[in-house]
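Biologist: I would like to learn how to read helix packing in a model. Could you take me through a case?

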Amino acid sequence: MEARENVFDFLEGYDLLGAFWVTVQLTLLSAVGSLVWGTVLTAMRVGPVPLLRGFATGYVNVVRNIPLTVIILFASLGLSQTLGVTLGGGDNFDTINFRLAVLGLVAYTSAFVCEALRAGINTVPVGQAEAARALGLSFTQVLSLVVLPQAFRAVVGPMANVLIALTKNTTVAAAIGVAEAATLMKEMVENEAQLILISAVFAFGFVCLTLPTGMVLGWVGKKVAVKR
Amino acid sequence: MSSVLYDAQGPRAKQRNVLFTGVFLVAAAALLWWVFSSLSDKGQLDWEKWKPFVGTEAWTTYVLPGLENTLIAAGVAMLIALPLGAVLGIARLSDHRWVRVPAGMLVEFFRAIPVLILMIFGLALYSEYSNVGSDDRPLYAVITGLVLYNASVLAEIVRAGILSLPKGQTEAAHAIGLRKTQTMVSILLPQAVTAMLPAIVSQLVVIVKDTALGGAVLTFPELLASANTMSAYYGANTIASFTVVAVIFVALNFSLTTFAGWLEKRLRSRKKSSGAVLSADDAAAQGAPGAGTGATL
């Protein structure tokens, strides 16, 4: 059959969906990790133990000001190659680098989760915490039963912004050779001629990942916000 | 708020504080000991590896030129992105649909795409369709990526700054017979700029951080890339080089963040302008739903 020249022929031989799937995996795993670690940091930061408070404040201030690229490269060169941390990846470098990238993304993003959550705690009226204390609840109970549930409902919007930024930040994992979207794009751009088309495909992929996240979570945020 | 969350500490709570502090200290000490012992096993703490940073050679040959490139890329990107962002932001507020809608689409599009993708695109673009020398291409590509992304973020900041002004300002301007352009240029923008200053300084932190991408992926010889060259030249002193570079980044960005905070406080207390003062977070929160910016992420 006389095959008509297909404009998308350049995609042949490249695992485009696979690369974006790695991006999605990086995003989801890091999102869960940074939500947990960010919440722990927030609890330390507003808690009664001075040393933990100082640690969390220092952590956030330092990590916020380091480029993510430095953190992820350091995870690879420092943690893995110098200190010999493999994160249970054995001697499979792809697995190790993927896990190191997740670790770096969690370390970085949790600082921003902590900031957003702290801002959320400030939106909870003082009377809520005072009432909870008047009932005799301890700090842990005040935080986990009364304040944080309301704070989480207030920060869905800002958290959506953090999640979108995280999605975009997963491309930094290209610096240590994780086979995600940006790595594939660099390879394709170097080997194929259709620069504009390739870029459009990748741009479209990221728009597909980020725009719905913003819209859905924006809607959810309005839905669950505590009306005051 | 923090003191509202727990009662004044009694003897038992104080005991518990001491316990938590102790446990944390032991865990931290164990971690530090592990790091230090593994580092010295690998010889990374040897004086040989750190000595270059005491002399001037490492600084004048590697660190300072790298820092210079970082600052040049960040500065030029900011200088181009700021006017472009202002134009886009104002265009998004236009009364004309054919100006407002394309500007909005442009802003939302470039905010939704990772800056690294834009940089890779820029690098390939310059090598295929321009006669920029191959040494300059990474710099051009980094600046292109940073401008495209940050102009659209700044556009949102400008828009939020103008929208934060009270409606009376526009109405009064129209009442004394100013045209739309005059209202924007001589009434709204000057007041909005003061309100936006802290957010703009915070955005500079983002730009400085993103230049490191150019070093890691595009072979742009900035500060982070200089750490790689150094550790190759001084016999694999990876830890020493990276520590120095990270400290410089933190110092630079921390002073910018502190300056932004000071500016915001000062502007808020001055109360001269009628508008609110925007921090980076406010600007992100007021931006249209969709692709967000996430403050200084």
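**Reading helix pairs**

Modeller: This is a predicted model. Start with a pair inside one chain: helix 3 of chain B and helix 9 of chain B are roughly antiparallel to each other, because their angle is over the cut-off of 145 degrees.

Biologist: At what angle do helix 3 and helix 9 of chain B pack, and how far apart are their axes?

Modeller: The angle is about 155 degrees, and the axes lie 7 Å apart. Helix 3 of chain B covers residues 57–92, and helix 9 of chain B covers residues 223–233. The crossing of the two is right-handed.

Biologist: Which residues of helix 3 and helix 9 of chain B meet?

Modeller: Helix 3 of chain B brings residues including Y62(B), P65(B) and G66(B). Among those from helix 9 of chain B are A225(B), S226(B) and M230(B). By class, this contact has eight nonpolar, four polar and no charged residues.

Biologist: Now a pair across chains. How do helix 8 of chain A and helix 5 of chain B cross?

Modeller: At roughly 10 degrees, with axes that come within 10 Å. The two are therefore roughly parallel. A182(A), M185(A), K186(A) and V189(A) face L116(B), I117(B), I120(B) and A124(B) in this contact.

Biologist: What does UniProt list for residues 138–158 and 187–208 of chain B?

Modeller: Its unreviewed entry lists both among the "transmembrane region" stretches. In the model, residues 138–158 of chain B are 100% helix, with end C-alpha atoms 29 Å apart. Residues 187–208 of chain B are also 100% helix, and there the ends are 32 Å apart.

Terms used:
Residues numbered from 1 in each chain as written. Chains lettered and ligands numbered in written order. Predicted model: local features only at pLDDT ≥ 70, side-chain atom pairs only at ≥ 80, totals over all residues. UniProt positions renumbered as here; feature names shortened; annotations may be inferred. Helix = DSSP H or I, 4+ residues; strand = E, 2+ residues; numbered from the N terminus. Axes fitted to C-alpha atoms, helices over the stretch in contact; angles between N-to-C directions. Parallel < 35°, antiparallel > 145°, perpendicular 65-115°, else oblique. Left-handed = near helix turned anticlockwise from the far one by under 90°. Contact = placed C-beta atoms within 7 Å. Nonpolar A, V, L, I, M, F, W, Y, C, P; charged D, E, K, R; others polar.
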